[in-house]
Amino acid sequence: LIADATCLCRYRDTCTPDDVNETCEDIEPIMADDGSGADITVPSFLMFKQDADVIKKELKENNQLVQIEMSWSRLNPTNDKVQ
């Protein structure tokens, strides 16, 4: 699990910065490979800060295991074009 540490500006109303002097990000962060990760296969996904804060709070305050399910929908285009 990789949690962004900075709030997106468009989620300012639901995201609480860790530092009151912190500015927000205008664009979504990305996960990228610098070319050296071809032999690494770690299932991971990037979460928005406000979503990750809920999980981190549960882990810290209640010392409970948290189960997260990675899921996504597959595109089912009716033709060769992906919209």
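This is a predicted model: local features need pLDDT of at least 70, side-chain atom pairs count only at pLDDT 80 or more; totals for chains, interfaces and linings use all residues.
**View 1. Disulfides across the whole structure.** A search of the entire structure turns up two disulfides. Each such link is a covalent bond between the sulfur atoms of two cysteines. Counting bonded cysteines along the protein chain gives the pattern 1-3, 2-4.

**View 2. The disulfide between Cys7 and Cys15.** The S to S distance is 2.1 Å. The link of Cys7 and Cys15 is left-handed, with -75° about the S-S bond. Are these cysteines buried or exposed? Cys7 has a relative accessible area of 5%. That value is under 20%, so Cys7 counts as buried. Cys15 is buried too, with a relative accessible area of 5%.

**View 3. The disulfide between Cys9 and Cys24.** The sulfur atoms of Cys9 and Cys24 lie 1.9 Å apart. The angle about the S-S bond is 90°, and the link of Cys9 and Cys24 is right-handed. Which parts does the pair tie together? Cys9 lies in the loop between strand E1 (2-3) and strand E2 (46-47). Cys24 also lies in the loop between E1 and E2. The pair therefore ties together parts that are 15 residues apart in sequence.

Conventions. Residues are numbered from 1 along each chain as its sequence is written. Side-chain values use heavy atoms; hydrogens and water are left out. A disulfide is a pair of cysteine sulfur atoms within 2.5 Å. Buried means under 20% relative accessible area, exposed over 50%, partly exposed in between (1.4 Å probe, protein chains only). Helices (H or I, at least four residues) and strands (E, at least two) are DSSP runs, numbered from the N terminus.
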